[in-house]
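Good morning, colleagues. Today I would like to discuss charged side-chain pairs and their surroundings.

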Amino acid sequence: MSFTDPIADMLTRIRNAFKVKKREVNIPSSRMKVEIAKILKDEGYIKNFKVIDDNKQGILNITLKYNEKTESVITGLRRISRPGCRIYCNRESIPKVLDGLGIVILSTSDGIATGKKCQELGIGGEVLCYVW
């Protein structure tokens, strides 16, 4: 199945899985989605992820993370740059999500990175999404 915006599809599947309190969610895999999942794991928004080989493109299996009250750790996900309207920022204009409580994920010339890492490296890029 072909998608116009695979990253928006990934974020929507994660958002929907959190709303119905699922433990895991399966997403068609790609290198960019795996890199986004690595950032979500490193920042503490998901428990774990793994890529399952199905002799096609693969399946990205994400284990979701909840707190003690079974509330999701992720409060919100928002896709910013879309295929029809790309949004870019330079190193001085990297956006902050909820005054630093959330993260911004960017696609840079050095790969997928968080806004904080981009500021350290002094680079900008395409703003993919906000997570809080």
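Predicted model: local features only at pLDDT ≥ 70, side-chain atom pairs only at ≥ 80, totals over all residues.

Residues are numbered from 1 along each chain as its sequence is written, and side-chain values use heavy atoms, with hydrogens and water left out.

A salt bridge here is a side-chain nitrogen of Lys or Arg within 4 Å of a carboxyl oxygen of Asp or Glu. By that rule, the count is six.

One of them joins Asp5 and Arg79, with an N to O distance of 3.0 Å. Asp5 belongs to the segment before α1 (6-19) and Arg79 to strand β4 (residues 77-79), so this pair ties together parts 74 residues apart in sequence. Helices (H or I, at least four residues) and strands (E, at least two) are DSSP runs, numbered from the N terminus. Both Asp5 and Arg79 are buried; buried means under 20% relative accessible area, exposed over 50%, and partly exposed in between, with a 1.4 Å probe and protein chains only.

Next, Glu126 and Arg86 form a salt bridge at 2.9 Å, N to O. Glu126 sits in strand β8 (residues 125-131) and Arg86 in the loop between β4 and β5 (88-89), 40 residues apart. Glu126 is buried at 12% relative accessibility, whereas Arg86 is partly exposed at 41%.

Finally, Arg23 and Glu24 meet at 3.8 Å, N to O, in a salt bridge. Is Arg23 buried or exposed? At 56% relative accessibility, Arg23 is exposed, while Glu24 is partly exposed at 32%.
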